[in-house]
Amino acid sequence: MYRHDVLARRDLLRACASSLALAPLATAACGHRTRPEHRDGRVVVTFWYAYGDLVRKVMLDLVARFNASQTRVFVEAVHQGDYYECLAKLRTALAAGAAPTLSHVVCEIIPYLARAGVLEDLGGYEGARLLPFVPALEQRGTFAHGDAEPLVSIPFNRSTPIAFFNARMLDEAHLAPPRTWDELLDAARALTRRAANGEVRWGFEVPIQGWYWLAMVGQAGGRLVEPDGRVSLGGDAGEKALRLWQRMVREEHVMRPPPGRDYQAWQSSNESFLGGHIAMMWSSTAHVRYLEDNAHFPVVTAPLPRDVRASVPTGGTMFVVMRAAPDEEKQAAWEFVRWMCDAEQTIAWSTRTGYMPVTRPAVERLVERGWYTKHPNDRVAYDQLAAVEPWPWSPDLFRVERDVVEPRLEEGVLEGRDAHVLMDEARDEARRPA
Amino acid sequence: MTPRSTWHPWAMLGPTLALLSVFFLLPIGVAAYESLFSWDMLTPPRYVGTANYAALAAHGELLRVALRTLGYSVLVVAGTMTLGLGLALLLDRPGRFFGFVRASVFSAYVVSWVAVALLWMWILDGNSGAVGGLTRWLGLGTVSLLGDPRWALPALAVVAVWKLTGYAMIVFLAGLQGVPRSLLEAAALDGAGPWARFRHVTMPLLAPTASFVATTSLVTSFQAFDVVRIMTQGGPARATELFVYAIYEQIFLNLSVGRASALTVVFFVLLLAVAGLQLRVWRARAGASR
């Protein structure tokens with residue numbers, strides 16, 4: 001039972017634990033802020049973000065432009081590591097009552113944060129329901145029945161998985177981008193080369209992660225959560241997807257699983273691709289610009305291949321405003337979010353980074369300006385939105401993907417454990433309370 | 001010695017007891033209590049009894065984490081002591097050159113774990129690192145030790161041994177200064193060779209030093225976090241998920257305070273068992289030497 005005296009002790013312990021875990025917040029960990037912070041007469045919006053390199057630079061440029069554009073609001077952008085580090089800090093800060101006003105989080109965590117009641121319902125803010133988002137990228141298209149939930153998230157840096165190719169290697173092998181799983185396997189065989197010193201140029205590479213596996217589950221005709229709420233992990237489709245990876249890595253030896261977890265694996269894949277060590281890889285549309293700009297060979301993209309159908313999940317993050325922030329700060333945060341959704345900002349963000357443009361006017365202007373003619377890889381990413389499979393609105397989504405599924409995918413691919421046994425284990429684990 | 005008043009010993013022990021209670025016993029008690037709840041820090045906790053322990057024990061995961069941590073510790077302690085002692089014996093000589101080598105070996109110990117981890121990530125990188133270059137030169141192809149579940153944990157142990165060996169060497173060198181030269185000369189006059197002198201004179205006198213090095217290396221290896229966080233994030237296939245990292249991952253990434261607390265309690269019991277075992281061995285040795 002949940003009792004008031006237990007709650008009081010817990011609040012104290014929670015504040016202590018959070019303060020110890022996150023020393024910089026310790027001084028602030030004494031309850032929710034009620035008064036907005038001001039600087040030079042402007043309301044300060046603290047914005048925790050999680051980018052590095054080029055994306056960080058573009059984001060800071062936009063924040064500087066916003067701050068220079070008006071006199072009422074000042075956005076203070078604070079870097080908090082990668083997505084997972086930022087999320088860990090955000091949760092701790094929320095528990096300690098020291099959260100920022102604004103942040104951006106991966107889609108999979110939004111149902112959990114919404115259930116916890118820490119996100120502001122933005123539905124009542126001026127113009128919130130009228131913003132002309134690309135349907136697949138806003139909350140109602142990103143999540144199944146997302147429009148039945150309060151509007152707690154606004155699309156920001158959105159992406160999908162996409163296939164990248166070293167065009168020179170494809171040409172040498174007289175191959176076109178594979179359109180089916182069978183063609184993917186054939187292409188990976190044809191593109192894999194083994195040198196006399198044992199060095200291998202891999203035909204295919206993809207991080208062994210839930211996001212890519214989920215794309216394959218959809219392609220094989222399955223879904224993570226059934227309409228009745230049962231976590232099926234795709235059933236047979238989930239096992240089929242894992243078996244394809246096992247075959248390519250362990251039997252055919254035509255695919256390299258990159259070392260490292262989370263974004264370290266993505267970085268490793270990018271480096272291998274740019275270094276000419278792999279011919280095909282799956283990565284995020286967010287890397288289109290980076291790979292095009294840094295490759296010493298032509299880079300082409302294609303939609304992910306299909307099995308029984310085409311399917312991709314969406315990725316990236318959404319803006320979220322913290323419910324506990326003072327009203328004036330929340331209003332100021334909304335002004336910044338709305339400004340970021342204007343076509344010019346959306347275009348600047350999208351064209352400089354490779355993330356998808358999230359509003360229809362931005363897409364229309366890009367078409368008018370001939371952007372997609374000059375950048376066909378961006379067009380591929382946009383067209384693939386037709387195959388988006390929405391995430392289930394499930395508070396356990398993040399835990400199931402990260403803690404239940406991903407380690408077992410690694411065990412299946414790297415240790416050769418049976419796909420059926422692993423998925424049964426995962427379904428059993430997904431049913432347990434966190 | 002008899003205290004003048006019965007409260008004097010308590011007054012002396014008081015500050016330490018207070019610190020231990022606040023920073024050790026209380027957190028362990030809180031963790032034991034929290035381990036009985038399903039709680040994510042943001043929503044109200046729900047009492048689940050021993051379900052968190054059952055979930056961790058299911059499919060053998062808890063046992064695997066415990067064995068992995070013990071295995072890592074064995075590798076680190078054995079490697080650190082062997083190399084530390086070997087280097088101390090080799091470098092226990094006067095002269096600038098030996099002083100320079102001693103300082104060089106010890107320098108790794110003062111570098112932060114983060115810097116060490118980043119350096120070794122580069123060394124072990126299959127594509128552009130030194131190990132990758134060596135394996136290709138040997139015709140073994142590109143080998144990614146950190147990407148292979150069989151080799152990732154030993155690779156992390158090597159990194160820890162590399163960092164801790166300098167410390168062990170310095171402590172052993174200090175211990176060697178306490179070995180009376182007269183005993184070694186007497187043994188030599190009695191016909192004992194270098195190995196016999198080391199085996200029957202140096203080693204017994206170095207036993208307290210070895211115990212100290214073993215204990216500190218064991219404690220450091222059980223606390224391994226930075227090196228895992230930076231180099232492998234517990235992967236591949238959880239092959240490097242040691243106790244402290246598993247606790248961090250459960251609480252901060254998997255949103256489960258209950259399971260993290262359950263892991264903490266099990267970790268505490270494991271440490272208690274290892275400490276008890278170590279104490280027993282020391283007491284047995286002390287008894288035998290009297």
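Okay, let's start with one residue: A:Leu233 is buried, because 29 other C-beta atoms sit within 10 Å of its own, and 20 or more is enough to count. As for where A:Leu233 is, look in the loop between helix 8 (210-219) and helix 9 (236-251) of chain A. And what about its backbone? Phi of A:Leu233 is near 50°, which is a positive value in a residue other than glycine.

Before I go on, please keep in mind that this is a predicted model. The predictor gives the complex an ipTM of 0.77 and a pTM of 0.84. For chain A, pLDDT averages 89, and 91% of the residues score at least 70. For chain B the average is 90, with 98% of the residues scoring at least 70.

Where in chain A does pLDDT stay under 50? One stretch is residues 1-9 of chain A, and there the model has 3 contacts beyond four places in sequence. Another is residues 15-30 of chain A, where pLDDT also stays under 50 and the model has 22 such contacts.

Let's stay in chain A and find strand 6, residues 161-166. Is this strand mostly covered or mostly open? Mostly covered: 6 of its 6 residues are buried. Now the general point is that side chains in a regular strand alternate between the two faces of the sheet. In strand 6 of chain A, A:Pro161, A:Ala163 and A:Phe165 point one way, while A:Ile162, A:Phe164 and A:Asn166 point the other way, and all are buried.

Which strands does strand 6 of chain A pair with? One is strand 10 (residues 278-284) of chain A, in the antiparallel sense and over 5 bridges. In that pairing, A:Ala163 stands opposite A:Trp282. Strand 6 of chain A also pairs with strand 11 (residues 299-302) of chain A, again antiparallel, this time over 4 bridges. There you can find A:Asn166 opposite A:Val299.

Is A:Glu172 buried or exposed? It counts as exposed, because it has 12 C-beta neighbours inside 10 Å, and exposed means 12 or fewer. If you want a distance to check on the screen, the C-alpha atoms of A:Glu172 and A:Leu191 are separated by 9.2 Å, and those two residues are 19 apart along the chain.

We have 12 helices and 2 strands here, and reading along the sequence you get one helix, then two strands, then helices for the rest. The C-alpha atoms of chain B fill a box of roughly 75 × 75 × 30 Å along the principal axes. Chain B has 290 residues, and 33% of them are buried. If you take the contacts in chain B between residues at least 6 apart in sequence, 67% join residues at least 24 apart.

Now look at helix 1 of chain B, residues 8-34. This helix has 27 residues and reaches 37 Å from its first C-alpha to its last, close to the 39 Å expected at 1.5 Å a residue. Where does helix 1 of chain B bend? At B:Gly14, by about 45°, and a proline, B:Pro15, follows within four residues. Of the 27 residues in helix 1 of chain B, 2 are buried, so the helix lies largely in the open.

Two loop details in chain B are worth a look. The peptide bond from B:Gly235 to B:Pro236 is cis, with omega near -5°, and B:Pro236 lies in the loop between helix 10 (226-231) and helix 11 of chain B. Further on, B:Leu255 has a positive phi of about 65° although it is not a glycine. B:Leu255 lies in the loop between helix 11 and helix 12 (257-289) of chain B, and counts as buried because it has 27 C-beta neighbours inside 10 Å.

Last topic, the contact between the chains. How many residues does each chain give? Chain B gives 34 and chain A gives 39. On the side of chain B that touches chain A, the elements that give two or more residues are helix 2 (51-57) and helix 11 (243-253) of chain B. The residues on that side of chain B divide into 16 nonpolar, 15 polar and 3 charged.

Definitions and conventions: Residues numbered from 1 in each chain as written. Chains lettered and ligands numbered in written order. Predicted model: local features only at pLDDT ≥ 70, side-chain atom pairs only at ≥ 80, totals over all residues. Contact = placed C-beta atoms within 7 Å. Nonpolar A, V, L, I, M, F, W, Y, C, P; charged D, E, K, R; others polar. pLDDT = per-residue confidence, 0-100. Expected span 1.5 Å × (residues − 1). Bend = angle between axes of the 7 residues up to and from the residue. Pairing = 2+ DSSP bridges.
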